[in-house]
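Hello,

I am handing over the structure we talked about, with notes on what turned up in it. Please have it open while you read.

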Amino acid sequence: MTSEERREARYQRRVRERQEKRLARSKACGDFEQVFSFDNLFQSGHLCCKNVGWKCSTQRYRMDIVGNTAKTRRALINGTYKSRGFYEFELYDRGKWRHIRSVHISERVVQRTLCDKVVSPLFQSAFIYDNAASIKGKGIDFAMDRLNCHLQRHFRKHGLKGGILVFDFTNYFGDAQHWTVQEELARRVHDFRTRDLANTFLENFGPVGYGLGSQISQQAALMLPNLLDHVIKQELGIKGYGRYMDDGYLIHEDMGYLKKCLARIKEVCAKLGIRLNERKTKIRPITRGIVFLKTKFILTETGRVLRKMSRAAMRAMKRKLFKFRKWVEENRFTLEDVRAAYESFRGHMRRGDSWKAVRRIDNYFKRLFGFHPDDKTKWRASNVSNHEKWDFDWINRASDLCRAA
């Protein structure tokens, strides 16, 4: 036996061992009847109703949750279960309109059971550690902390030498190819009925693309660029790499090597059917910082990492507060709605070194509503409609002048 034959034999042996481990993990999840047991569906039903009890569909489902669970399980076991389609609507989020395709509560229960009991455990075993989106115990804070860690490790080894490659995908959900995830399901899910049900949910979105608002689409979108993650980590040997859904970064001490990495990334993305956003994909010196998840990370000469929150987000919140004040006066909004929106913004701003910026926004809030947002006793007692009315007509007049010009 030659050295090439021995090498090939070792490779085939490792392939068989990995597949045996995948099969063992899949069998540990159970077969179709075990996955979609009454207890699992009933538990998923309660989880799906959590925090959305104000919806009429959720209330109707929960009023007869035992009967609905039994009906769903009977249809699944008999093979007569059918999707009820989507609730489609447009949502304006983070500066752009997003087309949402949400599923009915009964189908959401089935998808939750499928994802929590089978798809998520089997897919997550293949993910790299720095894949942070839609995974329990991870998220935005985890991704930002990992970038902090990668920058500090780079500084200890190389100082301020090197650069950062930032990449972004264009129309990530809309252009997603199904064959990649279908191949992974075939490799990792041994029960054909469970696998066929997962493929059916994905095919409901059409031949290409996944919809926003479905749990199975989130898991599929996480798996789609998994090959790219392993190429960057294992083939290219990049230690300072992280990805949050369609945003990623690579940190290396050699700017020329990052250009080679970018060429390899384009090859893998073309193979997977993913389009890179050329405007947002760039290589820049590490001294100029990196914008990741709407936050600018700056590595200082002492090795400290500063987080500067987006100025665009601050300007947008000022515009929102101004509009909220108008809506409260018109009784279209309540102070509780204002509180929820503003506290969410402040919670995001606390992730960075933006204490002064938050203080300026707090003072602007006080000028609009008459009290400081930290004064909790005045949230319910304050009545903005009794304050001096503001003249909002000048906004319309200014817009008309701009259009006329």
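Let me start with the second largest pocket: α8 gives the largest share of its lining, six residues. (Helices, H or I of at least four residues, and strands, E of at least two, are DSSP runs numbered from the N terminus.) A pocket here is an open set of points on a 1 Å grid over the protein atoms alone, with protein on both sides within 12 Å along at least five of seven lines; a cavity is a set of points where a 1.4 Å probe fits but cannot get out, and lining residues have an atom within 4 Å of a point.

Before going on, a word on the source. This is a predicted model, in which local features need pLDDT of at least 70 and side-chain atom pairs count only at pLDDT 80 or more, while totals for chains, interfaces and linings use all residues. Residues are numbered from 1 along each chain as its sequence is written, and side-chain values use heavy atoms, with hydrogens and water left out.

Back to that pocket. It holds about 510 Å³ of space, where a volume is the space filled by probe spheres set on the grid points, which are joined across faces, edges and corners. Of the 20 lining residues, R22, E184, R187, R188 and N226 lie nearest the centre. Two or more lining residues come from each of α1 (3-29), α8 (178-188), α11 (226-235) and α12. By class the lining has nine charged, six nonpolar and five polar residues. (Ala, Val, Leu, Ile, Met, Phe, Trp, Tyr, Cys and Pro count as nonpolar, Asp, Glu, Lys and Arg as charged, and the others, Gly among them, as polar.)

There are also two cavities of 30 Å³ or more. The largest has a volume of about 40 Å³, and its lining includes D130, F142, R146, R243 and F292. Helix α7 (140-158) supplies three of the lining residues, the largest share. Four strands form an open sheet in the order β4-β5-β3-β6, with antiparallel pairing; two strands pair if DSSP finds at least two bridges between them. At its edges are β4 (240-244) and β6 (282-285), each pairing on one side only. From one strand to the next, the twist averages 15°. Five bridges join β4 to the antiparallel strand β5 (residues 247-252), and Y241 stands opposite L250 in β5. Helix α12 (residues 255-272) lies across β3 (163-168), β5 and β6, at about 20° to β3. (Axes are lines fitted to C-alpha atoms, for helices over the stretch in contact, and angles run from 0 to 180 degrees between N-to-C directions; contact means heavy atoms within 4.5 Å.)

A further open sheet has three strands in the order β7-β8-β9, again with antiparallel pairing. Strands β7 (290-292) and β9 (305-309) each have a single partner strand, so one side of each is left without a neighbour in the sheet. β7 and β8 (residues 295-299) pair over three bridges, with K296 in β8 as the bridge partner of V291. Helix α7 lies across β7, β8 and β9, at about 20° to β8.

Finally, confidence: the mean pLDDT (the predictor's confidence in each residue, from 0 to 100) is 86 for the protein chain, and 91% of its residues reach 70 or more. Over residues 401-405 pLDDT stays under 50, and the model has zero contacts there beyond four places in sequence.

Best wishes
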